[in-house]
Amino acid sequence: MAIAVVGSLGLDTIETPAGRVEDVLGGSAAYFALAARHFLPVSLVAVVGDDFPAHARAALEHPELDLTGLEIGAGRTFRWEGVYSKDMNTRRTIRTELNVFERFKPVLSPHIRAHKNVFLANIDPVLQREVLGQLRRPRLVLADTMNYWIQNKRAELLEILKLVRIVIINEEEARELTGEALTHKAARAIGLLGPETVVVKQGEHGAFLHGTGPAFSCPAYPIESVIDPTGAGDTFAGGFVGALARMGRVSHLNLRRATVYGCVLASFAVEGFGVTGLQRATREAILSRAEEIAAMTRFNLPDSARIIR
Ligand code: AMP
């Protein structure tokens, strides 16, 4: 049992009210893999340039991460730069340089083709399709995306949505994709495009789960200080997919549990610049935060009929 992920891998320059870092390890596949490795082994499918620094590669070296599908292409590594607002709720993209990703044609090795769980992390939907097409008999197929691809490759993205069982998407992007202002209506509209389950990431407000069962809302873990929100969404996906694939069965209960683990892992990601917060997450701390969130979501209203006149 393992998870294959295709997504971006690159160098981020990030400015938040807490400071600025340049050319640190980033990309959707990096955050995803560093979160999902707490549940199952992860095989990365991505490309970096010949300028990819040793410190960035070292940050990906864990016994649970399979880097054999990581290609080193001639040219520059993918780069992204973003600046956050004072309250960190919004960010402005300063530049997106696809670089070696523009010519990337992944050819999966037989052992990665045999993976049953696949996460199509945020990257060109054409690449997501190419990787999915090479998997022999995938059982659990999930995907994410972002505004860049909604604006630039909408038709290709809609094709991908027809092929995935679960989509994980940011609230603002769910609205942009569907034109629906209300989150639950946007989630329902995405469900009509193909996926059976839609998980909407809501930043500091947690996540909303829409599927065949009753809806579920999970709060974010209340942390003391946010240093850098970059990658929180990809990290959420790593916790969600990792937990769900590990549990095996896609039941309503397991989808809720996976949502809790997504929120837990995301809480570590925002506590440091780049992947540093996530790298500090330990098994014990993950378990303890999961219990705290579970306690926050359990509430019943005994005697509610006596409360209302
Ligand atoms: P998130 O904060 O979860 O939206 O993810 C931020 C990460 O996504 C950063 O590490 C970026 O390197 C990466 N990223 C930014 N723009 C793109 C894009 N257009 N395609 C793929 N990855 C991107």
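Student: What kind of ligand atom does a polar side-chain atom of aspartate 234 lie by, and how far away is that atom?

Tutor: It is an oxygen atom of the ligand, and the polar side-chain atom of aspartate 234 lies 2.8 Å from it. That counts as a polar contact, meaning a pair of N or O atoms within 3.5 Å; within protein, one must be able to donate a hydrogen and the other to accept it, and residues adjacent in sequence count only if both atoms are side-chain atoms.

Student: And how much of the ligand does the protein cover?

Tutor: The protein covers 94% of the 510 Å² of accessible area that the ligand has on its own. Such areas come from the Shrake-Rupley method with a 1.4 Å probe, and for residues only the protein chains shown count as cover. Please keep in mind that this is a predicted model, where local features need pLDDT of at least 70 and side-chain atom pairs count only at pLDDT 80 or more, while totals for chains, interfaces and linings use all residues. Residues are numbered from 1 along each chain as its sequence is written, and side-chain values use heavy atoms, with hydrogens and water left out.

Student: Which residues come nearest to the ligand?

Tutor: There are 18 residues around the ligand, and those that come nearest are Ser8, Asp12, Gly27, Gly231 and Asp234; a residue is near when one of its heavy atoms lies within 4 Å. An N or O atom in the side chain of serine 8 is 2.7 Å from a nitrogen atom of the ligand, and a polar backbone atom of glycine 27 is 2.7 Å from an oxygen atom of the ligand.

Student: Which element gives the largest share of that shell?

Tutor: Helix 9 does, with three residues, and at least two residues each come from strand 7 (78-84), strand 8 (91-97), helix 5 (147-152) and helix 9 (232-247). Helices (H or I, at least four residues) and strands (E, at least two) are DSSP runs, numbered from the N terminus.

Student: How many of the shell residues are nonpolar, polar and charged?

Tutor: Seven are nonpolar, eight polar and three charged, where Ala, Val, Leu, Ile, Met, Phe, Trp, Tyr, Cys and Pro count as nonpolar, Asp, Glu, Lys and Arg as charged, and the others, Gly among them, as polar.

Student: Switching topic: which residues of helix 8 are buried?

Tutor: In helix 8, which spans residues 183-191, Thr183, Ala186, Ala187 and Ile190 are buried. Seen down the helix axis, these buried residues fall within an arc of 100°, so they line one face of helix 8. The arc is that of the directions from the helix axis to the C-beta atoms, and buried means under 20% relative accessible area, exposed over 50%, and partly exposed in between (1.4 Å probe, protein chains only).

Student: What covers those buried residues?

Tutor: The cover includes strand 11 (166-170), helix 7 (171-178), strand 12 (197-201) and strand 13 (207-210).

Student: OK, where does histidine 115 lie, and is histidine 115 buried or exposed?

Tutor: Histidine 115 lies in the loop between helix 3 and strand 9 (117-120), and with a relative accessible area of 8% histidine 115 is buried. Its side chain makes a polar contact of 2.9 Å with the side chain of serine 43, and a polar atom of the histidine 115 side chain lies 3.0 Å from the backbone oxygen of histidine 111. Leaving aside residues up to four places away in sequence, histidine 115 touches Ala2, Ile3, Ala4, Ser43, Leu135 and Pro138, where contact means heavy atoms within 4.5 Å.

Student: What about the phi of aspartate 23?

Tutor: Aspartate 23 has a positive phi of about 50° although it is not a glycine. Most residues other than glycine have a negative phi. Aspartate 23 lies in strand 3 (residues 19-26) and is partly exposed, at 30% relative accessible area.

Student: And which part of the chain holds asparagine 99?

Tutor: Asparagine 99 lies in the loop between strand 8 and helix 3 (110-113); asparagine 99 also has a positive phi of about 50° without being a glycine, and at 17% relative accessibility asparagine 99 counts as buried.

Student: Last one: is glutamate 22 buried or exposed, and which residues does glutamate 22 touch?

Tutor: At 54% relative accessibility, glutamate 22 counts as exposed, and its place is in strand 3. Not counting residues up to four places away in sequence, glutamate 22 touches Asp12 and Thr13, and the side chains of glutamate 22 and arginine 20 make a polar contact of 3.1 Å.
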